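Reader: I have a model open on my screen and would like to walk through it with you. Could we take it one piece at a time?

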Amino acid sequence: MPELPEVEALKDFLTDHLVGRRVVRVLPVAISVLKTYDPPVTAFEGREVTAVRRYGKFLGMEADGLHFVTHLARAGWLQWKDRLPDGPPRPGKGPLALRVALETGEGFDLTEAGTQKRLAVYVVRDPQEVPGVARLGPDPLAADFDEQRLAKLLAGERRRIKGALRDQSLIAGVGNAYSDEILHAARMSPFKLAASLSPEETHRLYEALSATLTEAVGRSRGLAAGRLKAEKKSGLRVHGRTGEPCPVCGDTIREVSFSDSSLQYCPTCQTGGKPLADRRLSRLLK
């Protein structure tokens, strides 16, 4: 799933390629992707794009008072085309969900792989009309997001820190991959209760949060949209690297599996050398 760094890079890329250009066609291929109907998605046609913005993991384009907002979900992506194919796209079983064409002949496709179709597109007069945007917590890269604010957000949180970091209403933009990376950099167990952090641990977490996201944004900035996925994967130190050696201490990276996701961590760096319980794996081994 694209997270804050990738969506930030897409925002920068689209700012260079969309702002000042006029949209001539918005062509839905998978009707399920459309989450609003008034104004219709075609209302975006004929308007000049004036800004591209990021709201957490949402990507928004503004044109003459209307906002085109999309959430790429787990398997969605934006594919830029210097020249769109001639003729309208044909509905079918492929990944194409929606196409946006510019007067220049350029444009982009929104695609979604897999069978779980969660890619979402909204056309609204105010981004706050999008439920997921309206409930977003503070952006961790905002100038006013400091260590004291993080401490206040975590105070009283009885959830594990991994789940708290992924809660978009608590902190906007961090998902499964970067929460693993942040906790590894902070030398903190993903199962630690958020409210139990000491001031020193909160400081480590804040430094890791800021550094991990800032570095990821820096690596992604300036890349073409098609290269962002590969850049994200190459920059991850523990997430998605089960069985590989930890780049810090050399211990084997381990995994805890859940029904629809998994987390990765280093026992030596994060849990005092003790493997975390993986009930799903334990059941399979019985």
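Predicted model: local features only at pLDDT ≥ 70, side-chain atom pairs only at ≥ 80, totals over all residues.

Reader: Is histidine 67 buried or exposed?

Author: Histidine 67 is found in strand β4, residues 66–71 (helices are DSSP runs of H or I with at least four residues, strands are runs of E with at least two, and both are numbered from the N terminus). Leaving aside neighbours within four places in sequence, its contacts (heavy atoms within 4.5 Å) include Phe44, Tyr55, Tyr122 and Pro127. Buried means under 20% relative accessible area, exposed over 50%, and partly exposed in between, with a 1.4 Å probe and protein chains only. Histidine 67 has a relative accessible area of 10%, so the word is buried.

Reader: How many aromatic pairs are there?

Author: Rings of Phe, Tyr and Trp (its six-membered ring) pair if their centres lie within 6.5 Å; planes under 30 degrees apart count as stacked, over 60 as edge-to-face and the rest as tilted. By this rule, the count is four.

Reader: What is the geometry of the pair formed by phenylalanine 68 and phenylalanine 108?

Author: The two rings are 6.5 Å apart, centre to centre, with 75° between the planes. Phenylalanine 68 lies in strand β4 and phenylalanine 108 in strand β7 (residues 107–112), so the pair ties together parts that are 40 residues apart in sequence. Phenylalanine 68 is buried at 1% relative accessibility, and phenylalanine 108 is buried with a relative accessible area of 1%. The geometry of this pair is edge-to-face.

Reader: And how are the rings of phenylalanine 145 and tyrosine 206 arranged?

Author: Phenylalanine 145 lies in the loop between α2 (131–134) and α3 (147–154) and tyrosine 206 in helix α6 (residues 199–220), so this pair ties together parts that are 61 residues apart in sequence. Phenylalanine 145 is buried, with a relative accessible area of 2%, and tyrosine 206 counts as buried at 16%. The ring centres are 6.5 Å apart and the planes are at 20°, so the pair is stacked.

Reader: At what angle do α3 and α6 pack?

Author: Two packed helices are described by the angle between their axes and the distance between the axes. Here axes are lines fitted to C-alpha atoms, for helices over the stretch in contact, and angles run from 0 to 180 degrees between N-to-C directions. Glu147, Leu150, Ala151 and Leu154 in α3 meet Pro199, Thr202, His203, Leu205 and Tyr206 in α6. The axes are 10 Å apart, and the angle is about 115°.

Reader: How many residues of helix α5 are buried?

Author: Helix α5 covers residues 176–185 and is mostly covered. The buried residues, among them Tyr178, Ile182 and Leu183, pack against α1 (4–18), α4 (161–166), α6, α7 (228–235), β10 (262–265) and α8 (267–270). Of the ten residues in α5, the number buried is nine.

Reader: Where does leucine 96 sit?

Author: Leaving aside neighbours within four places in sequence, leucine 96 is in contact with Val29, Pro89, Asp109, Leu110 and Thr111. Leucine 96 has its place in residues 96–102, strand β6.

Note on methods. Residues numbered from 1 in each chain as written. Heavy atoms only, no water.
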